[in-house]
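Morning, everyone. Please have a look at the model on the screen, and I will walk you through it.

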Amino acid sequence: MGEKSVFVTIVGRSNVGKSSLMNKMLGQKVAIVSSKPQTTRTRIMGVLTKGETQFVFIDTPGLHKPKNVLGENMMKAVSTGMADVDLAVLVIDAKPHFKVDKDNIPMAELELIGRFKDKKIPAVLAINKIDLLENKEEILDLITIYSHIYDFSAVVPLSAKTGSGVDILINEIDKFKKESPHFFPDDEVTDQSEKVMVAEIIREKLLRNLSKEIPHGIAVDIERFYERDTVNGDPILEVEATVFCEKDTHKGIIIGKKGAMLKKIGSLAREDIEKFFGIKADLKIWIKVKEGWRNNRGMIHTLGLDVTDN
Ligand SMILES: Nc1nc2c(ncn2[C@@H]2O[C@H](COP(=O)(O)OP(=O)(O)OP(=O)(O)O)[C@@H](O)[C@H]2O)c(=O)[nH]1
Ligand SMILES: [Mg+2]
């Protein structure tokens, strides 16, 4: 028997747990996660090779109405993420913050389902966060509501947090594999470069520790990234990063009282960087104000946040 591949896009509203779910399926964290909406900004590929089958997951930004050029690019990333896939996984929240019934399905989900219909993309419905349900019957209502609007090939209640149901989803995805050579080396887990991984780890810590609108106006650029040997011969990763924010007041908040916030973010990021790369790291972070960068195409391009069609 020959090699097989399956390309799967993971789509849904913001904050429903798309990135968490991809990480859980991969068994490794490649996409950052936070409780703030619009955490994922680009299309992120996660690769899982199991025996002869290579699963290629495409995590996408949460569907929303863009308010700036960055947002427009994020929505383009959803569209390109849906091109040429074998299957889509629509992730919904088992415990949404509003009442969902047959006349009240979130617009973003209806829009995504419209695209499945137009492009004839088969889809699995993943009902995530079931660990938060006291009454499991609520799942049955959701299944009935969503089954009316699309002929999902399967509906899988699961928890990206506990892992419950995730193997069932992988089995459902497996049904869509095709005879095809693997597109990625079998030991590869993501298409993100090491520099991008580091920038994303730092952005995750900023998202998790800052409130209100500040995290949305933040971008991280890695200026230097190299490994060197210390005097006693152990390798160390040297990272120098610039954090861009939109206002002087934001810069003050990111730095914090006597630099306390920046210190906290730096040490949390360093821990994760060390875990990911398996060696010690030295991290220096600078903060710069760049007003309105989210509408600056040149800056968005420099930061790798625009979309290329490939
Ligand atoms: N209780 C619970 N929380 C979850 C689960 N899956 C994800 N979360 C939490 O939900 C929040 C959003 O998770 P993400 O994975 O960043 O969601 P996302 O859909 O990728 O969000 P965007 O990238 O902003 O579109 C985080 O706080 C996660 O820890 C789950 O199964 N159970
Ligand atoms: Mg995400």
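Predicted model: local features only at pLDDT ≥ 70, side-chain atom pairs only at ≥ 80, totals over all residues.

I will take the domains, then a helix pair, then the ligand.

Let's start with the domains. The assignment gives two stretches for the protein: domain 1 covers 4-179, and domain 2 covers 194-302. How far apart are the centres of domain 1 and domain 2? Over C-alpha atoms, the separation is 28 Å.

The two domains do touch. On the domain 1 side, 9 residues are in contact, and they meet 12 residues of domain 2. Look at the domain 1 side by class. There we have 5 polar residues, 3 nonpolar and 1 charged.

Next, a pair of helices. Find α6, residues 194-209, and α8, residues 260-277. Their axes lie 9 Å apart, and the packing angle is about 140°. Angles over 145 degrees would count as roughly antiparallel. At about 140°, α6 is therefore oblique to α8. The crossing of α6 past α8 is right-handed.

Which residues of α6 make the contact? They are Met197, Val198, Ile201, Ile202, Lys205, Leu206 and Asn209. From α8 come Met261, Lys264, Ile265, Leu268, Ala269, Asp272, Ile273 and Phe276. Sort this α6 and α8 contact by class, and you get 11 nonpolar residues, 3 charged and 1 polar.

Now the ligand. How many residues are around ligand 1? There are 23. Those that come nearest are Gly17, Ser19, Ser20, Thr40 and Gly62. Helix α1, residues 18-26, gives the most to this shell, with 3 residues.

And what is the make-up of the shell around ligand 1? It divides into 13 polar, 6 nonpolar and 4 charged residues.

To recap: two assigned domains in contact, an oblique α6 and α8 pair, and a shell of 23 residues around ligand 1. Thanks, that's my part.

Definitions and conventions. Residues numbered from 1 in each chain as written. Chains lettered and ligands numbered in written order. Near = placed C-beta within 6 Å. Helix = DSSP H or I, 4+ residues; strand = E, 2+ residues; numbered from the N terminus. Nonpolar A, V, L, I, M, F, W, Y, C, P; charged D, E, K, R; others polar. Domains from an automatic or database assignment. Contact = placed C-beta atoms within 7 Å. Axes fitted to C-alpha atoms, helices over the stretch in contact; angles between N-to-C directions. Parallel < 35°, antiparallel > 145°, perpendicular 65-115°, else oblique. Left-handed = near helix turned anticlockwise from the far one by under 90°.
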